[in-house]
Amino acid sequence: MNLSIVRRTLAPVAVASAAALVLAACGSDPDTSNSSNEDTPDGGNSEGTDGDAGGESLSGTLNGAGASSQESAVQAWIAGFQGQHPDVTVNYAPEGSGAGREQFTSGAVAFAGSDAALDEEELAAAETACGAPAVDLPLFIDPIAVAYNLPGVDNLQLGPVTLANIFNGTITTWNDPAIAADNPDATLPDTAITPVHRSDESGTTENFVEYLAAAAPEAWTYEVSGEWPSELPGEAGAQTPGVIAAVQAAEGTIGYASAAAVGDLQTAAIGVGSEFVEYSAEAAAVVVDASPRAEGRAENDIVIELARDTTESGAYPIVLISYTIVCTAYSDPAVGDLVKAYVGYVASDEGQQAAAAAAGSAPISPELQSEVQAVVESIEVG
Amino acid sequence: MTTTAKPPPAERPATTPRAKARPGDRIFSRSAQVAGILILVILAGVAAFLVREALPTFTADSSEIDGGEGFFSYVWPLVFGTLAAAVIALIVATPLALGIALFISHYAPRRLAQGLGYIVDLLAAIPSVVFGLWGIQWLAPQVQPAWSWLADNLGFIPIFTGPASATGRTMMTAGLVLAVMILPIITAIAREVFLQTPTLHEEAALALGATRWEMIRMAVIPFGRPGIISGIMLGLGRALGETMAVAMVLSTGGFTWSMVTAGNNTIAAEIALDFPESSGLKTNTLIAAGLVLFAITLAVNMFARWIVSRRSEFSGAN
């Protein structure tokens with residue numbers, strides 16, 4: 001074999017492959033896009049031209065950041081709001097609740113989305129950044145569904161203690177007497193149970209374990225946080241799609257995820273008092289209305305202390321509330337007007353319906369709606 | 001192909017009259033110099049940033065670190081997971097890549113070799129997210145029965161202890177996905193090196209009556225060894241740092257010896273998963289973990305350099 005010919009003809013290939021290699025080396029590491037913020041807004045500065053407060057033709061750029069849980073709802077809100085005000089650009093960087101609160105309290109963004117309300121320290125920091133107190137507005141209520149993959153078993157019902165024991169590894173097969181007791185009519189196979197949880201830190205996990213700790217305190221003795229207790233058995237999936245993919249992948253799996261994401265997976269009805277409640281937007285709204293306000297908050301700061309152990313009929317207790325966090329005063333009138341108009345739209349019927357359609361969230365009740373609208377009205381501008 | 005490198009100026013015969021430096025020469029040499037210095041500055045900057053941001057982790061009370069027992073006990077399972085996934089990937093990818101490279105360089109008909117080369121290179125251009133999706137949705141369910149079999153029949157070996165994951169999303173699967181991702185890197189480098197084997201060596205081996213396989217064993221592989229090693233090390237670097245595919249495919253969890261159950265995690269995946277919702281000391285801890293990965297990768301690369309330079313008399317490959 002004449003290698004020199006081979007070489008000559010392969011030379012272009014070699015060059016191309018070397019180039020491909022270099023390209024691959026440069027381009028193959030997009031992984032950090034998760035944590036970096038390429039399209040980070042450069043602050044809440046409005047580029048608006050008209051300083052007229054309350055002018056009909058709003059324009060400019062409004063920047064927010066925060067929870068990825070409300071991302072699809074926020075996208076619907078932005079689309080709807082920009083439809084009404086074509087000259088306005090609203091940006092939302094779904095970098096996570098913690099990042100959103102941090103950027104808000106440092107004054108980098110005009111509003112934040114967060115699965116948790118501001119704590120005292122953050123409230124103080126936000127007051128410095130805003131020049132006035134900041135408030136949390138519960139505008140996104142997302143039921144968390146318990147999805148399972150067990151062909152032949154429909155309408156699974158799980159009481160809170162059973163659910164907690166499944167996820168803490170005490171109950172290991174589907175025909176366990178405790179599950180049978182919750183489902184007298186079902187024929188349960190002896191398939192092994194594989195509980196699936198989130199591998200990343202998330203508000204969904206935090207709300208789910210908060211529910212377990214409140215409704216089944218004997219069975220769930222672990223620390224309540226956004227991170228799943230690492231000592232427990234089971235599988236993990238990265239973010240909501242990862243959990244869904246894991247549940248779809250094998251029989252006998254059970255996981256929790258935002259109700260909008262479960263697709264055609266079966267979901268369990270959860271035991272509340274003496275009945276079992278399927279998740280629905282209405283059932284989620286019921287528990288929010290039945291829950292008291294968190295104590296010690298400022299007047300307009302609407303923070304809900306979810307009654308996870310509620311026995312209210314028709315309430316679905318596993319919900320996530322994601323707040324929109326705004327200042328009660330904005331020194332830059334252009335930004336303030338935009339925030340007022342945008343949050344006003346979000347709290348309106350139209351905004352809530354748009355989120356329900358896009359993200360499967362539960363529209364907030366009319367009472368809560370009017371309360372939020374009053375807070376939005378009271379935002380001082382200029 | 002790569003022999004076009006100009007001889008260093010020092011070797012220029014002294015009798016040659018010194019060429020007058022033209023503006024083009026000066027501009028080029030200066031910009032090359034700047035580029036060279038810039039990469040050092042960037043690297044130093046990254047290292048300085050990592051160290052600065054990681055410092056609070058080392059000074060903090062050990063009970064405040066994730067896990068409550070200090071940074072070391074937090075990071076070692078991650079280091080183990082990182083190395084385990086990379087080793088699995090290398091064990092699978094290396095023989096395969098060398099086989100492909102030899103086939104392309106010495107066995108395949110010219111047309112086929114060309115096409116195959118392009119296809120392997122194409123593999124390197126697929127984003128890792130796509131590999132992750134492929135891994136979680138297709139590969140994991142396909143290989144799950146194999147892991148179950150390993151757990152049932154070879155469960156006495158610690159790395160195959162059961163029960164096997166029901167979804168197949170294990171270290172082994174993550175290692176397989178990584179193997180596919182590093183395959184083009186090792187293949188491309190090994191192929192280039194094999195093609196550079198001096199024709200005289202090959203022809204001499206054949207003339208002495210060697211079969212083609214014997215010729216490859218006697219002439220091609222010894223010549224290409226430094227190149228093979230640096231290719232493997234580049235692949236290893238990629239496997240160590242790969243984030244998204246592992247984060248998506250692996251069912252992460254605490255430390256376990258078993259490679260066929262859910263559990264373990266890699267440094268890069270841990271950072272990607274936890275960074276978005278992290279704040280305060282947790283962020284510092286993650287960055288400190290990144291610093292550890294940085295150090296591991298640096299060590300691997302320096303080791304590869306050392307091996308290659310030790311055998312630099314073969315030239316071409318480094």
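In helix α9 of chain A (residues 281-290), the buried residues include Ala283(A), Ala284(A), Ala285(A), Val286(A) and Val287(A). A residue is termed buried if 20 or more other C-beta atoms lie within 10 Å of its own, exposed if 12 or fewer do, and partly exposed in between, with C-beta atoms placed from the backbone. Helices (H or I, at least four residues) and strands (E, at least two) are DSSP runs, numbered from the N terminus. The cover over the buried residues of α9(A) includes β4, β11 and β12 (319-327) of chain A. The model is predicted: local features need pLDDT of at least 70, side-chain atom pairs count only at pLDDT 80 or more, and totals for chains, interfaces and linings use all residues. Residues are numbered from 1 along each chain as its sequence is written, while chains are lettered from A and ligands numbered from 1 in the order in which they are written.

Confidence is expressed as pLDDT, the predictor's confidence in each residue, from 0 to 100. Chain A has an average pLDDT of 82, and 85% of its residues score at least 70. Over residues 1-55 of chain A, pLDDT stays under 50; the model has 78 contacts beyond four places in sequence for this stretch. Two residues are in contact if their C-beta atoms, placed from the backbone, lie within 7 Å. Where pLDDT is low, the predicted coordinates should not be read in detail.

The two chains can be described by their elements and contacts. Chain A contains 12 helices and 14 strands, and 52% of its 382 residues are buried. Of the contacts in chain A between residues at least 6 apart in sequence, 72% join residues at least 24 apart. Chain B has 10 helices and 0 strands, and its C-alpha trace spans about 70 × 50 × 30 Å along its principal axes. Buried residues account for 46% of the 318 residues of chain B. In chain B, 78% of the contacts with a separation of 6 or more are between residues 24 or more positions apart.

Strand β6 of chain A (residues 194-198) is mostly covered, with 5 of its 5 residues buried. Strands of a sheet pair through backbone hydrogen bonds, either parallel or antiparallel. Two strands are taken to pair if DSSP finds at least two bridges between them. β6(A) runs parallel to strand β8 (residues 253-258) of chain A, to which 3 bridges join it; here Pro195(A) has Ile254(A) as its bridge partner. β6(A) also pairs in the parallel sense with strand β7 (residues 235-237) of chain A over 3 bridges, and His197(A) stands opposite Ala236(A) in β7(A). Together with helix α7 (residues 203-215) of chain A, β6(A) and β7(A) make a right-handed β-α-β unit. A crossover is right-handed if, with the strands pointing away from the viewer, the path from the first strand over the helix to the second runs clockwise.

An open sheet of 3 strands in chain A has the order β5-β10-β11 and mixed pairing. Its edge strands, β5 (157-158) and β11 (275-277) of chain A, each pair on one side only. β5(A) pairs in the parallel sense with strand β10 (residues 269-272) of chain A over 2 bridges, and the bridge partner of Leu158(A) in β10(A) is Ile270(A).

Asn155(A), with a phi of about 50 degrees, lies in the loop between β4 (134-149) and β5 of chain A. Asn155(A) is partly exposed, with 13 other C-beta atoms within 10 Å. Gln239(A), with a phi of about 60 degrees, is found in helix α8 (residues 239-249) of chain A and counts as buried, with 21 C-beta neighbours inside 10 Å.

A nonpolar core is a set of buried Ala, Val, Leu, Ile, Met, Phe, Trp, Tyr and Cys residues joined through C-beta atoms within 7 Å. The largest such core has 198 residues, and those with the most contacts inside it are Val339(A) and Leu178(B). Helix α5 (residues 171-195) of chain B gives this core its largest share, 18 residues. Domain 1 (3-140 + 323-381) and domain 2 (144-286) of chain A both contribute residues, so the core lies between them; the domain bounds come from an automatic or database domain assignment. Leaving aside neighbours within four places in sequence, the contacts of Val339(A) include Leu62(A), Phe111(A) and Ile379(A).
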